[in-house]
Amino acid sequence: MTRGRILLVDDDADLRASTAQALDLAGFDVTDTDQPEDVPALTGFGFPGIVVTDIRMPRLDGLSLMTQIHALDPAVPVILITGHGDVQLAVRAMREGAHDFIEKPFSASQLAETCARALDYRRLVLENRVLRAAAGQADDLEQRLVGRSTAMIDLRRRLRTIGPAETDVLITGDTGTGKEVVARALHDLSARAAKPFIAIDCAALPEQQIESELFGHEQGAFAGAMRARYGRFEHARGGTVLLDDIGSMPMAMQGKLLRVIQERTVTPLGANEARPVDIRVIATSRAALEPEVEAGRFRADLFYRLAVVHLGVPPLAARREDIPLLFARLLAEAAGRHRIDPVTPPPALVEALVTRDWPGNVRELRNAAERVALGLDLADAAAPPVAEPPSGRLADRVAEFERAEIQRALLAHGGVLKPVYESLGLSRKTLYEKMQKLGIDKARYTDG
């Protein structure tokens, strides 16, 4: 039996190999990588281990990696490996949530002792969560899916039942309702929690490379394939694959995807033999897929294969009684992110929040909480500020109106362009052209 699981992240191959060997000899279960961007997919509320990471890495530094990990679970211990000149930076990181830091050069016994303490802390956190749930107190699921409405209580009950099962799941709900949060909760409640959670945005997959992205390719499979590459499904071995916005998957790919889900095998481009993949599949859709099946835009066999279990995530309009509690939580989180004192919203503002329609749902409410926490638009956070019609030429007025409408749609949909151009009745090309002409930066509206 090992002393606990450690994810070791370092771009220095020699140092990473020697550190992994030292930890392995000390009795730990070590997984090492030089790909920090892959690490958050391996962590979360159900992750039973710790992360040890170098603070200086070219693609993603240790502090940024820690931020991504703590966005999933703030109680995952992150130990930073620092150089002599980074100690001041590491001390600041401790204030921002790092569990500990260790300065180079360090001894194997020093590292093992630091990791053992962090693993003891992690075990205590997980045990306390189980005890709180058994005692009927608010558990992690209630922290992530806030709400006391009947719809949310029922959703959490179903998640606790379905999570430990191996069945595939289809999750439907409007934009911004938290479908990915539900998917991640299913993963963390399962026996696969310690394995990767790989989210695939089907709408963002490049059409020319979609098969290679999903299933991988062999060296020389096509022009530019200089070396073999694993696809997303193989990266998720032992874990969960989330097919986000499955309805946007091209019809040509739906048949190949169906075979992968049915047989749990993938055949990379250029390969002759299929490879087994041990995965659980969760799919999400903003719209009901039955009408898409009837219209011939989505394969019926794929729909029935995915929808073994169907979960619907309610919009805010269907659970208005949850808005005050949810807004308070989002407000506290925003204050914590910006390291400012939390703001107590006046009753009039809370009442306005409850009565307002929220087309962007929780994502839009989070944006409102962000503004309120920063002291911006406090009185008008329940409604987007409407600019006075500009004086001058008609063309200028039309441009200002278009800018305001596109900005509202981007805000409501978290910067995701497909629902924006669909809701505005535009083509993708026309929306891009208008955004460029009006000086609208999509990045300002992307949900972080």
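Is Ser285 buried or exposed? Select Ser285 to find out: Ser285 is buried, with a relative accessible area of 3% (buried means under 20% and exposed over 50%, with a 1.4 Å probe and protein chains only).

Before going on, note that this is a predicted model, where local features need pLDDT of at least 70, side-chain atom pairs count only at pLDDT 80 or more, and totals for chains, interfaces and linings use all residues. Residues are numbered from 1 along each chain as its sequence is written, and side-chain values use heavy atoms, leaving out hydrogens and water.

Stay on Ser285 and show its surroundings. The side chain of Ser285 reaches the backbone oxygen of Ala287 at 2.6 Å. Beyond neighbours within four places in sequence, Ser285 is in contact (heavy atoms within 4.5 Å) with Ile171, Thr172, Gly173, Lys179 and Ile246.

Next, select strand β13, residues 280–285, where Ser285 is found (strands are DSSP E runs of at least two residues, and helices H or I runs of at least four, numbered from the N terminus). Colour the open sheet of five strands, ordered β7-β10-β13-β6-β14 with parallel pairing (strands pair if DSSP finds at least two bridges between them). At its edges, β7 (197–201) and β14 (309–312) each pair on one side only. For a bridge to display, pick Val241, whose partner in β13 is Val281.

Finally, move to helix α13, residues 323–338. Its buried residues include Ile323, Leu326, Phe327 and Leu330. Show α14 (347–355) and α15 (361–373) too, as both are among what covers the buried residues of α13. Stop at Arg339, which follows α13 and has a positive phi, near 55°.

Conventions:
Expected span 1.5 Å × (residues − 1). Polar contact = N/O pair within 3.5 Å; in protein donor to acceptor, adjacent residues only side chain to side chain.
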